[in-house]
Amino acid sequence: MKIQLDQTSDAELLRLMLAGKRAAFAQLYQRWQAPVYRFALRLSGSVELAEDVTQDVFLTLMRDGAQYSGSGSFAAYLLTIARHSVLRRLQRERRFVTLETNGESEDTPLPDGLPDDAVDEAGPLANLTRSEMTEAVRQAVQGLPLHYREVVLLCHMQELSYTEAAEVIGCEIGTVCSRLYRARVLLAKSLAGWKPEAAAAPIKLKPARYAI
Amino acid sequence: MNCPEFDKLIVSLACDTLASGSLRAQALAHAATCARCGARLAQQQMAAEGLDALAAQEQSIQAPAHLGAALLAEFERQRMLAAPQDAPSEPIRFRLVSLLNWRWATAITAVLFVVGLTAVLWRQPVRQTSPVQEEIATTVTPLPVNTSTNNETKMVAKISPKPKRKKTARHNADEYGALISLLPIVPSEAEEFQQVVSMQIPRSTLRLWGLPLDEESDNEQIRAKVYFSEDGVARAIRLHN
Ligand SMILES: [Zn+2]
């Protein structure tokens, strides 16, 4: 009997994959490569690193896939592996990040001058085309501190629930909400000062601080 | 509701986790009449809408195709390695080849090769190729790492055949076709090592690796020698003639 793999659950595909079914692995890869790659790409800001991380995730799945309990979200399971891989590689390369606990915490007051005054009736993005607007948002996300960026990526770009995002990060749900709120405030500030010509310049990642 | 009370609720309001409908209504009513608090809520909505628009635009971003081909090849390789111990109902325990094992294997192969070659030369002064030498007859030619973001690929090394050597009775090099380079893969951090595995591979897998085969007889098995790099990924292949 031929199984319709495209309608098979992730847990069942994983079971078949661990039993050596190549088609099951191919289906899992096809289903999850893009979310994993996008998450790694936007979290790290590096195409090369995102490729390495995507490879890491699926090699880990081959080796340790039996550790997935099947009860939790498969997306959260894969993105947890991806997140660890990104952080490990960034730490090793020390290109963008140092894993120090001197980052902005949820108790730190937000900087002055946040765009309460920048939000006019139409908003700062009103005069931009759609592609300019998304480019502005992309650059603003890339400029966020890492612990805010990952929450934005998980909750908005990956559409995880707060519970799943908390599982990936290993924190409380309240922390996810608090960081998401703060990330949006910082984004709004960044967008308020965005000019379309900035899109032509290469994205320069500022050294991110990561609060563990 | 006043501004300090609104400030206490804005995180849960913005994240839509405010359990109390009554509090939510009061907070929204306050935001509608207070410019400061209304602007804070509008900020959140604007950022959320921008993020959702970006998410929609980025839905089309996929991992590069060569990653999938390399991972499928790796899956196939591990399945082949695990096959002898394979029990139908038991999950396969995949084994990643460690650098240490490779070093031992290479050292042992080198010693055996030297001993064998010495014995052959001592008995018969005619130059011959040993089976071991034939099996690992590849050279690794390093290429510069391509850091261009345009093609988003990295070439680390390519395997090229050594100059033609004499045939032996046991290993006829012409049984297999020319060496075909598979897709580029992520470089390993360590020195390059290789392994050659003779295996039977379905045509469908070969097509996934990018070889130009038609879709007919996808289940047909083809004999091939697959050349793996130290990081365990298929780099090149020679099909049986
Ligand atoms: Zn107010």
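This is a predicted model: local features need pLDDT of at least 70, side-chain atom pairs count only at pLDDT 80 or more; totals for chains, interfaces and linings use all residues.

Biologist: Take A:Phe25 and A:Phe58. Stacked, tilted or edge-to-face?

Modeller: Edge-to-face, because the planes of A:Phe25 and A:Phe58 are at 85° and anything over 60 degrees counts as edge-to-face. The ring centres are 6.3 Å apart.

Biologist: Where do the two residues sit in the chain?

Modeller: A:Phe25 is in helix α2 of chain A, residues 22-44. A:Phe58 is in helix α3 of chain A, residues 47-64. They are 33 residues apart, so the pair links distant parts of the chain.

Biologist: Are A:Phe25 and A:Phe58 buried or exposed?

Modeller: Both A:Phe25 and A:Phe58 are buried.

Biologist: What about A:Tyr68 and A:Tyr77?

Modeller: They form an aromatic pair too, and this one is tilted. The distance is 5.0 Å centre to centre, with 45° between the planes.

Biologist: Why does A:Tyr68 count as buried?

Modeller: Because its relative accessible area is 13%, and buried means under 20%. A:Tyr77 is buried as well, at 16% relative accessibility.

Biologist: Which residues form one aromatic cluster?

Modeller: A:Phe25, A:Tyr29, A:Phe58 and B:Phe75. So that cluster has members from chain A and from chain B.

Biologist: New topic. How many helices and strands are in chain A?

Modeller: Chain A has eight helices and two strands. Along the sequence the pattern reads α-α-α-α-β-α-α-α-α-β.

Biologist: How much of chain A is buried?

Modeller: Of its 212 residues, 56% are buried. The accessible surface of chain A is about 9,500 Å². Carbon and sulfur atoms hold 49% of that surface.

Biologist: And the contacts in chain A?

Modeller: Take those with a separation of 6 or more. Residues 24 or more positions apart account for 72% of them.

Biologist: Now the zinc ion. Which protein donors does it have?

Modeller: B:Cys3, B:Cys34 and B:Cys37 each give SG, and B:His30 gives NE2. These donors lie 2.1 to 2.3 Å from the zinc ion. Their spacing along the chain is C-x26-H-x3-C-x2-C.

Biologist: Why is the arrangement around the zinc ion tetrahedral?

Modeller: Because the four donor atoms subtend angles of 97 to 115°, and tetrahedral needs all angles between 85 and 135 degrees.

Biologist: Last one. Are B:His30 and B:Cys34 buried or exposed?

Modeller: B:His30 counts as buried, at 10% relative accessibility. B:Cys34 is buried too, at 15%.

Conventions. Residues are numbered from 1 along each chain as its sequence is written. Chains are lettered from A and ligands numbered from 1 in the order in which they are written. Side-chain values use heavy atoms; hydrogens and water are left out. Rings of Phe, Tyr and Trp (its six-membered ring) pair if their centres lie within 6.5 Å; planes under 30 degrees apart count as stacked, over 60 as edge-to-face and the rest as tilted. Helices (H or I, at least four residues) and strands (E, at least two) are DSSP runs, numbered from the N terminus. Buried means under 20% relative accessible area, exposed over 50%, partly exposed in between (1.4 Å probe, protein chains only). Contact means heavy atoms within 4.5 Å. Accessible areas come from the Shrake-Rupley method with a 1.4 Å probe; for residues, only the protein chains shown count as cover. Donors are N, O and S atoms within 2.8 Å of the metal (3.2 Å for Na, K and Ca); water is not among the atoms, so sites may look incomplete. Four donors count as tetrahedral if all angles lie between 85 and 135 degrees; four count as square planar and six as octahedral if opposite donors are over 155 degrees apart and all others between 65 and 115; anything else is irregular.
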